[in-house]
Amino acid sequence: MPPYEEIASPADLHADCEAVNRRLQDAAVKATRPAPSLHFDEQPREVPKRDIEISAAAQRLANALHLHLD
């Protein structure tokens with residue numbers, strides 16, 4: 001296969017350039033945002049804890065290793 005058959009059409013190349021340009025613009029917007037605050041007063045007070053569910057398979061494995069999960 002000659003190398004020139006691998007080149008995409010100009011329309012495809014143009015679409016790729018536009019997609020890259022959009023991604024670069026999004027990255028530029030994200031890069032210029034201010035950093036989140038590190039001050040204690042500006043942090044949320046109540047953060048709900050996630051529930052951890054232990055599957056039956058994990059329970060059997062823990063019991064076989066004598067790691068009793070309740």
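Where is the place of Thr 32?

**View 1. Thr 32 in the loop between α1 and α2 of the predicted model.** Thr 32 lies in the loop that links α1 (10–31) and α2. The relative accessibility of Thr 32 is 66%, so this residue counts as exposed, the cut-off for that class being over 50%. From its place in the loop, the side chain of Thr 32 reaches the backbone oxygen of Val 29, at 3.1 Å.

**View 2. Leu 61 in helix α2.** Helix α2 spans residues 56–64, and Leu 61 is found within it. With a relative accessible area of 55%, Leu 61 is exposed.

**View 3. A nonpolar patch on the surface, formed by Leu 61, Leu 65 and Leu 67.** Together the three leucines have about 320 Å² of accessible area.

**View 4. The whole protein, for context.** The secondary structure consists of 2 helices and 0 strands. Of the 70 residues in the protein, 1% are buried. The protein exposes about 7,300 Å², and 59% of that area is supplied by carbon and sulfur atoms.

Conventions: Residues numbered from 1 in each chain as written. Predicted model: local features only at pLDDT ≥ 70, side-chain atom pairs only at ≥ 80, totals over all residues. Heavy atoms only, no water. Patch = residues over 30% accessible without salt bridge, like charges linked within 9 Å, V, L, I, M, F, W, Y side chains within 5 Å. Areas by Shrake-Rupley, 256 points an atom, 1.4 Å probe, with all protein chains shown as cover. Salt bridge = Lys/Arg side-chain N within 4 Å of Asp/Glu carboxyl O. Helix = DSSP H or I, 4+ residues; strand = E, 2+ residues; numbered from the N terminus. Buried < 20%, exposed > 50% of the residue type's maximum accessible area, 1.4 Å probe, protein only. Polar contact = N/O pair within 3.5 Å; in protein donor to acceptor, adjacent residues only side chain to side chain.
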